[in-house]
Amino acid sequence: MTKRSSTWITVPEILDELGITRRTWQRWRALGKTPPCTVLPNRKLRIRRVDFENWLSSLEERAA
(Lines give C-alpha, C1' and ligand atoms only; values in the text may rest on other atoms or scores of the structure.)
Protein backbone atom coordinates (compact mmCIF):
# COMPACT_ATOMS: atom_id res chain seq x y z
CA MET A 1 0.00 0.00 0.00
CA THR A 2 1.37 3.41 -0.90
CA LYS A 3 1.60 6.23 1.61
CA ARG A 4 -1.07 8.18 -0.29
CA SER A 5 -3.56 5.31 -0.28
CA SER A 6 -3.27 4.95 3.50
CA THR A 7 -3.68 8.69 4.14
CA TRP A 8 -6.72 9.83 6.10
CA ILE A 9 -8.39 13.18 5.45
CA THR A 10 -10.78 15.21 7.57
CA VAL A 11 -14.22 16.52 6.76
CA PRO A 12 -12.99 20.17 6.74
CA GLU A 13 -10.36 19.17 4.16
CA ILE A 14 -13.07 17.60 1.99
CA LEU A 15 -15.34 20.63 2.39
CA ASP A 16 -12.52 22.88 1.27
CA GLU A 17 -11.59 20.65 -1.66
CA LEU A 18 -15.19 20.40 -2.89
CA GLY A 19 -16.17 23.97 -2.01
CA ILE A 20 -19.29 22.87 -0.11
CA THR A 21 -20.75 23.72 3.28
CA ARG A 22 -20.77 21.42 6.29
CA ARG A 23 -24.58 21.33 6.05
CA THR A 24 -24.38 20.02 2.48
CA TRP A 25 -21.92 17.33 3.62
CA GLN A 26 -24.22 16.36 6.50
CA ARG A 27 -27.20 16.11 4.15
CA TRP A 28 -25.23 13.94 1.69
CA ARG A 29 -24.02 11.73 4.55
CA ALA A 30 -27.58 11.29 5.87
CA LEU A 31 -28.59 10.21 2.35
CA GLY A 32 -25.66 7.77 2.11
CA LYS A 33 -24.02 9.75 -0.69
CA THR A 34 -20.56 10.26 0.79
CA PRO A 35 -17.48 8.06 0.69
CA PRO A 36 -17.14 5.60 3.60
CA CYS A 37 -16.31 7.37 6.85
CA THR A 38 -14.63 6.10 9.98
CA VAL A 39 -15.78 7.53 13.30
CA LEU A 40 -12.93 7.92 15.76
CA PRO A 41 -13.39 7.50 19.53
CA ASN A 42 -13.57 11.31 19.83
CA ARG A 43 -16.52 11.20 17.35
CA LYS A 44 -14.52 12.94 14.61
CA LEU A 45 -14.82 11.54 11.09
CA ARG A 46 -11.94 10.47 8.89
CA ILE A 47 -12.05 9.34 5.29
CA ARG A 48 -9.34 7.40 3.51
CA ARG A 49 -7.94 9.51 0.69
CA VAL A 50 -8.23 6.56 -1.72
CA ASP A 51 -11.94 6.12 -0.86
CA PHE A 52 -12.52 9.83 -1.42
CA GLU A 53 -10.78 9.76 -4.81
CA ASN A 54 -12.69 6.63 -5.87
CA TRP A 55 -15.95 8.31 -4.81
CA LEU A 56 -15.10 11.40 -6.88
CA SER A 57 -14.29 9.20 -9.88
CA SER A 58 -17.64 7.42 -9.55
CA LEU A 59 -19.42 10.80 -9.60
CA GLU A 60 -17.57 11.79 -12.77
CA GLU A 61 -18.52 8.48 -14.43
CA ARG A 62 -22.21 8.98 -13.57
CA ALA A 63 -22.11 12.53 -14.95
CA ALA A 64 -20.61 11.40 -18.27
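Q: What makes two rings of Phe, Tyr or Trp a pair?
A: Such rings pair if their centres lie within 6.5 Å, with the six-membered ring used for Trp. The structure discussed here is a predicted model.

Q: Which residues do ring pairs link into a cluster?
A: The cluster consists of Trp-28, Phe-52 and Trp-55.

Q: How many aromatic pairs are found in the whole structure?
A: The search finds 2 aromatic pairs. In one of them, Trp-28 and Trp-55 are tilted, with 55 degrees between the planes and 6.2 Å centre to centre.

Q: Which helices hold Trp-28 and Trp-55?
A: Helix α2 (residues 22-30) contains Trp-28, and helix α3 (residues 49-63) contains Trp-55, so the pair ties together parts that are 27 residues apart in sequence.

Q: Is Trp-55 buried or exposed?
A: Trp-55 is buried, at a relative accessible area of 11%. Trp-28, by contrast, is partly exposed, at 27%.

Q: Turning to the core, which residues make up the largest nonpolar one?
A: This core has 10 residues in all: Ile-9, Val-11, Ile-14, Leu-15, Ile-20, Trp-25, Leu-45, Ile-47, Phe-52 and Trp-55. At least two of its residues come from each of α1 (11-18), β3 (45-48) and α3.

Q: Which element gives the largest share?
A: That is α1, which supplies 3 residues of the core.

Q: And what is Trp-25 in contact with, leaving aside its neighbours within four places in sequence?
A: Trp-25 is in contact with Val-11, Ile-14, Leu-15, Ile-20, Leu-45 and Ile-47, and also with Thr-34, Pro-35 and Cys-37.

Definitions and conventions. Residues are numbered from 1 along each chain as its sequence is written. This is a predicted model: local features need pLDDT of at least 70, side-chain atom pairs count only at pLDDT 80 or more; totals for chains, interfaces and linings use all residues. Side-chain values use heavy atoms; hydrogens and water are left out. Rings of Phe, Tyr and Trp (its six-membered ring) pair if their centres lie within 6.5 Å; planes under 30 degrees apart count as stacked, over 60 as edge-to-face and the rest as tilted. Helices (H or I, at least four residues) and strands (E, at least two) are DSSP runs, numbered from the N terminus. Buried means under 20% relative accessible area, exposed over 50%, partly exposed in between (1.4 Å probe, protein chains only). A nonpolar core is a set of buried Ala, Val, Leu, Ile, Met, Phe, Trp, Tyr and Cys residues joined through side-chain atoms within 4.5 Å. Contact means heavy atoms within 4.5 Å.
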